[in-house]
Amino acid sequence: MKLKSVGIIGIGYYVPEKIMTNADFEKIVDTSDEWIKTMTGIEERHYIAEDKATSDLCTEAAKKALENANLKIDDINLIIVSTVTPDYLAQSASCIVQKKLGVKEIPAFDISAGCSGLVYSLTVAKGLIQSGTYDKILVIGGEVLSKVTNMQDRGTCVLFGDGAAAMVVSEVEEGYGILSSYIGAEGEDDHILSIPAGGSKKPNTVETINNRENFVQMNGPEVFKFAVQAFPRATKKAVELAGLKIADINLLIPHQANIRIIESAMKRLRIPSEKVFINIQKYGNTSSASTGIAMGEALADGKIKKGDVVVLTAFGSGLTYGSVVLKWAY
Ligand code: ACO
């Protein structure tokens, strides 16, 4: 049986107004603009207002994606939100987004796959459309990392930002859309990258709060080692599954975690910098929103046109990794 071609038909992204520059962090921890720029590539990131949450960013991005697709929320039959920072622990962000978008009854669920979440979500959405279960799916990646960041830890606080990206996934013209997807995980429980307290293993207590275990903890060098091998491996695998070569890629959109990880992947993949989209300097690491924001910005900048081979590759907590190859459909 011939499977439907499934792809993105609309995209939108949203970042909150407040900007935190490297100079702002110089006043908070023992760091410097030069260290942050050289070691990570980040110059600024966006922070959400106190009274807002992940669902607010996701809702704004979703409205833009629907507009870009020329559709209304009533045309959508499933909402998937990828996030590691939902508004609440026991209620999915996607259900809150459903309510905020003013639609009832359609199913909504979250995916937790760290920064690879958007790549995972696109893979799930494609399968659900190809099976005929759903027709049009809103896939959103949204994060409020600023509220789970330990502002006393210079090794992590300078890295993260807030934002959301949304896309409408649907059947597209034959031969276009998601050509292949490759996702994987290397599960670990050593807290290489996690928020140690606040879950079922270690609910928050006065002690966990005093130890700041309710914030992100990361072994930076370990994540770095994982990322520099997982990134090129996942990209090569997905490109191979699509029956293409690295040279066929028109635009590689990497997870924006660290410029040095991106540069290392570029070298290993032998892909020139003009084919790689980088916006880490403006947003920092926005986890599962990262590749979506970058894709939305690349499209708005005119860097993607119909028929282009666009590859999204991400890695993140879990540890997870994944890559999606698209032949751009509009
Ligand atoms: N300013 C100044 N110095 C700093 C800072 C800072 N903000 N942060 C760390 N340092 C210091 C450390 O204290 C250490 O000092 P010491 O040698 O005196 O002990 C020194 O810099 C080196 O520290 P390392 O952690 O070994 O530095 P590294 O070269 O690994 O760079 C970094 C740190 C940038 C965090 C890097 O490890 C990294 O980017 N790792 C990957 C992180 C990542 O991608 N995470 C996200 C992926 S998953 C997701 O997106 C959720």
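The model is predicted.

I start with the strand. β12 spans residues 309-316, and eight of its eight residues are buried, so the rest of the structure largely encloses it. In a regular strand, side chains alternate between the two faces of the sheet. Here both faces are covered: V309, V311, T313 and F315 are buried on one side, and V310, L312, A314 and G316 are buried on the other.

Next, the neighbours in the sheet. Strand β11, residues 251-254, runs parallel to β12 and is joined to it by four bridges. Strand β13, residues 320-327, runs antiparallel to β12, with eight bridges. Take V310 as a reference point: L251 stands opposite it, and in β13 its bridge partner is L326. β12 and β13 form a hairpin with three residues between them, and G318 in that turn has a positive phi of about 140 degrees.

Now the ligand. Which elements supply at least two residues each of the shell around it? They are α2, α6, α8, α9 and, again, β12. The largest share, four residues, comes from α8. By class, the shell has twelve nonpolar, eight polar and three charged residues. Domain 1 (6-176) and domain 2 (179-327) both contribute to the shell, so the ligand lies between them.

Of the 23 residues around the ligand, T31, C115, R154, N258 and N285 come nearest. The protein covers 72% of the 1,000 Å² of accessible area that the ligand has on its own.

Methods: Residues numbered from 1 in each chain as written. Predicted model: local features only at pLDDT ≥ 70, side-chain atom pairs only at ≥ 80, totals over all residues. Heavy atoms only, no water. Buried < 20%, exposed > 50% of the residue type's maximum accessible area, 1.4 Å probe, protein only. Pairing = 2+ DSSP bridges. Near = heavy atom within 4 Å. Areas by Shrake-Rupley, 256 points an atom, 1.4 Å probe, with all protein chains shown as cover. Nonpolar A, V, L, I, M, F, W, Y, C, P; charged D, E, K, R; others polar. Domains from an automatic or database assignment.
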